[in-house]
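Here's a quick briefing to read with the structure open beside you. Follow along in the viewer as each topic comes up.

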Amino acid sequence: MSDDDVTIMEVDEAVPKPTKSTAKPAKSTAHLPWIEKYRPQVFTDIVGNEDTVSRLAVFARTGNAPNIIIAGPPGVGKTTTILCLARALLGASFKDAVLELNASNDRGIDVVRNKIKMFAQQKVTLPAGRHKIVILDEADSMTEGAQQALRRTMELYSSTTRFALAANNSEKIIEPIQSRCAVLRYSRLTDAQILAKVIEVCEKEQLSYTEEGVSAVVFTAQGDLRAALNNLQATAQGFGHVSPEHVFRVCDEPHPMLVRSMLDACVKQDIHAAYKIIAKLCKLGYATEDIVSNIFRVCKTLDAPEDTRLALIREIGLTHMRVADGLSSPLQLAGLLARMCRAAAARDTHW
Amino acid sequence: MSNLKKDKKWFKPTFDFDENEPPKPKKPLRETSKTPQTSSVDRKASISTTNNNINFLQVNHKNWMKNFDPVSPEDLAVHIKKVQEVEEWLKAACIHNRSDMLLLTGPVGCGKTTTIHTIAKKYNVKVTEWITPLDIELPSDNGEFEFREKQSTKFLDFIINAANFTSLLDNNQNKLVLVEDFPNTFLRTPSEFTDVLQQYKHRAKSPIVFICSESHTEGRNTSISLFTPSVKDQFQMHHIVFNGVSMTGLRSALKRVSEIISKKYTSVYNVPTADMIECVVNSSAGDVRSAVLNLHFACLRGSNCNLETSMILEKESKSKAPKKKKQASSKFLSLGKDQTVSILHGVGRVLNPKVIVENGTQRLTHAPRDVIEQFLSNPNSFVNFLEENYLPHFSSADQADKAASVLSDADYMLAEWREKMCQEYGLYTAVAGLMLANKNPVSAWNPVRGPKNMKIQYPTPQEFPALDQNFLYKGKVLITDYQTYCKIIGNKPDVM
Ligand SMILES: Nc1ncnc2c1ncn2[C@@H]1O[C@H](COP(=O)(O)OP(=O)(O)O)[C@@H](O)[C@H]1O
Ligand SMILES: [Mg+2]
């Protein structure tokens, strides 16, 4: 297959048109976002979820692919996998035989009914066992009406067209569609997988880094390789060197060490120490929402008994919901601390 | 491409699964009508051979799912009683040449459409299906869509024509109109639909079937909402409700597929093992279509090795606590619809928590963090499973009380859809909470049940005024109670 002349049509981020080519540096890649520059082009380069990926690789070789839904958290390679599959299946016909629609396109009922049907009716000559492919990225953000309209379309064009859907939450895909697709699930990438990729990119970019620096990138990513690469690139552009300080600065996130010591203080029911840290974070200008979600991430790996962690996460979750409702004053954070201290104190009797 | 399609008439889309057909003649009905859909597709496929022999070679592959379509009513996985009921209705309706109406509902993938087509074929009844066409012009240069004709008018013309238009080629065949793809306009203004039905009743000379899928996860059931009790009454609509396909039904359907494979398609598939069929049956939740799809996925040549490797991976990761019996099902970890098999695993882990002591501290063998990792893309279904099954696993009321309280917290958090992270909070709270609350898990074997009563009932617009806005939480929670209450007092909301 010659994929040299293949151009990825659209990508789910609002990035400049990504001209692919890791092998052929004909086009300048200097200003390319790294997530595109290092987007795997073939199945073997995709990190993690090996089981599912290898199963899809079978279709790439033999054709006869069913409709698929790939469900999983952001930045684990769902879109990448689908693009790899389409490229492997269609080769040079990629351009004519793939319709990619993502959340930034309007995907109301009319678009589904018209654009997709038009595409499905178009005549493209493909080898046996190959089909045109409609890629619906972030399909869980499609309205129910649009999904309903898709339902029959999927069946009617089954002789010429396959659908590949990517979604974060498969529950938002209506059942009739799930029934017509093989549902594949991706899980978050492990920290080790992300770390390996981050180091690989550092080396390719000849970027200087410290071990703590790349670990910080991994922490900010939380299993999301896209976030990892974006944060790494931002750090590289801002500072030219990857150290934890730089990483947390560019990510505009509180330093998890601070947050961790705040949580430790809560567990010890030392509200004064805990409050000092929160006050500092507020003064530094972090948004309440960012602070809360950071607390959650740190708490997930906090070295504490499970029941303490549960009690804390429950409080964090409830606070997060209030913040989402618009109550984002520092008072909410102070209240959170108090409740976390109390939860930690009560846990022995509670459980 | 845009100017190419502009002059096409509205009925064109009915052919649109056929890319090779020459431009349409003006009379739509004769050729639109499909005498069972499947065979018409085959017919088209053969037309394309003559036009274009590049695509043909493996037409079987293109439509692989059609290879397994039931041929006669005996092949259907649907319960025999239901098949008979449909058969009786069709016979009676055709004899009298009346505009009888049938509403066929049932869960997704239980074989509604296939049943109609198969029975119609048996009695040589011509089925014409309405497919909502491209109903608007392509966007004009300034990006606006222009509507051409009223959707409901088109719809009515189409179904009446389909019911009454007779051509010489028909041989006086009986006709049946099928509607599964409802035009949006009806969902917006149901009264338009009633008007259409009225017209049909008076003017049509053939029966009509409406098919609606019901599903548990959707809040609103769009097309079912068209068929209110009064509508059904007014038009004396016969209503047949299909259930999800039984295990036995699924099994025999898959055995049939497997026979077809071994007779005709061994070059493409490995013949499925009994084990594999069992796995697919278990993970399909009564959905034949999904079951056949998954069997295809699992048996395709070349994919077998992957199943093996995934099994080995599973074994390795479980080497500490070997579970011989579970191995067969673990193969389908990421395969089944709704991931049912791995949900069963997960439910087991959460409801039978095991604690080990390491260096003097207690620790759960399966960390909640790892358990939730698998279910981040379907947190609600997993929590619903936990809710349905947790109680028999608890041995003391005290602990069950804590469990109920964490589940309630989890429900509350999961209802927050604006903030993605809340899904994770909710999932973690439910999982860790249940595991920690259950200090003395009941060791008896409890079969895992699928969630039943988790259907959120949204209010209809008519019900809104009857509700006190002050008590609505995001329009959801209390409504559920309200409707349940109405059911108890005998469906008389006015009493309130
Ligand atoms: N599993 C993976 N292996 C290699 N790169 C990945 C993987 N997952 C994500 N990436 C990187 O992150 C970027 C975004 O991935 P994408 O497939 O768009 O994620 P998703 O669609 O799951 O949100 C890709 O361009 C790629 O650089
Ligand atoms: Mg994506």
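Let's start with a pair of helices in chain B: helix H18 (residues 379-389) and helix H20 (residues 421-437) pack at an angle of about 25°, with their axes 10 Å apart. Since that angle is under 35 degrees, H18(B) is roughly parallel to H20(B). Keep in mind that this is a predicted model.

**H18 and H20 in chain B**
- The crossing of H18(B) past H20(B) is left-handed.
- On the H18(B) side, the contact is made by B:Pro379, B:Asn380, B:Phe382, B:Val383 and B:Leu386.
- H20(B) brings B:Gln423, B:Leu427, B:Ala430, B:Val431 and B:Leu434 to the contact.
- Sorted by class, the contact of H18(B) with H20(B) has eight nonpolar residues, two polar ones and no charged ones.

**H5 and H6 in chain B**
- Also in chain B, helix H5 (residues 80-96) and helix H6 (residues 112-122) have axes that come within 10 Å and cross at roughly 50°.
- H5(B) goes past H6(B) in a right-handed crossing.
- From H5(B), the contact draws on B:Val83, B:Val86, B:Glu87 and B:Leu90.
- Across from them, H6(B) supplies B:Thr115, B:Ile116, B:Ile119, B:Ala120 and B:Lys122.
- Six residues in the contact of H5(B) with H6(B) are nonpolar, one is polar and two are charged.

**H2 and H3 in chain A**
- Over in chain A, helix H2 (residues 50-62) packs with helix H3 (residues 78-90) at an angle of about 20°, and their axes are 8 Å apart.
- With the cut-off for roughly parallel at under 35 degrees, H2(A) and H3(A) are therefore roughly parallel to each other.
- H2(A) passes H3(A) in a right-handed crossing.
- Look for A:Leu56, A:Phe59 and A:Ala60 in H2(A), which meet A:Thr81, A:Leu85, A:Ala88 and A:Leu89 in H3(A).
- The contact of H2(A) with H3(A) counts six nonpolar residues, one polar residue and no charged residues.

**A loop residue in chain A**
- You'll find A:Ile174 in the loop between strand S4 (161-167) and helix H7 (175-179) of chain A.
- A:Ile174 counts as buried because its relative accessibility is 5%, and the cut-off for buried is under 20%.
- A:Ile174 sits 34 residues from A:Asp140 in sequence, and the two are 9.0 Å apart in space, C-alpha to C-alpha.

- Chain A has 16 helices and seven strands, while chain B has 21 helices and seven strands.
- Of the 351 residues in chain A, 62% are buried; of the 496 residues in chain B, 50% are buried.
- Take the contacts in chain A between residues at least 6 apart in sequence: 73% of them join residues at least 24 apart.
- In chain B, 73% of the contacts between residues at least 6 apart in sequence likewise join residues at least 24 apart.
- The accessible surface is about 13200 Å² for chain A, with 53% belonging to carbon and sulfur atoms.
- Chain B exposes about 24200 Å², and carbon and sulfur atoms supply 54% of that.

Definitions and conventions. Residues are numbered from 1 along each chain as its sequence is written. Chains are lettered from A and ligands numbered from 1 in the order in which they are written. This is a predicted model: local features need pLDDT of at least 70, side-chain atom pairs count only at pLDDT 80 or more; totals for chains, interfaces and linings use all residues. Side-chain values use heavy atoms; hydrogens and water are left out. Axes are lines fitted to C-alpha atoms, for helices over the stretch in contact, and angles run from 0 to 180 degrees between N-to-C directions. Helices (H or I, at least four residues) and strands (E, at least two) are DSSP runs, numbered from the N terminus. Angles under 35 degrees count as roughly parallel, over 145 as roughly antiparallel, 65 to 115 as roughly perpendicular and the rest as oblique. A crossing is left-handed if the near helix is turned anticlockwise from the far one by less than a right angle, and right-handed if clockwise. Contact means heavy atoms within 4.5 Å. Ala, Val, Leu, Ile, Met, Phe, Trp, Tyr, Cys and Pro count as nonpolar, Asp, Glu, Lys and Arg as charged, and the others, Gly among them, as polar. Buried means under 20% relative accessible area, exposed over 50%, partly exposed in between (1.4 Å probe, protein chains only). Accessible areas come from the Shrake-Rupley method with a 1.4 Å probe; for residues, only the protein chains shown count as cover.
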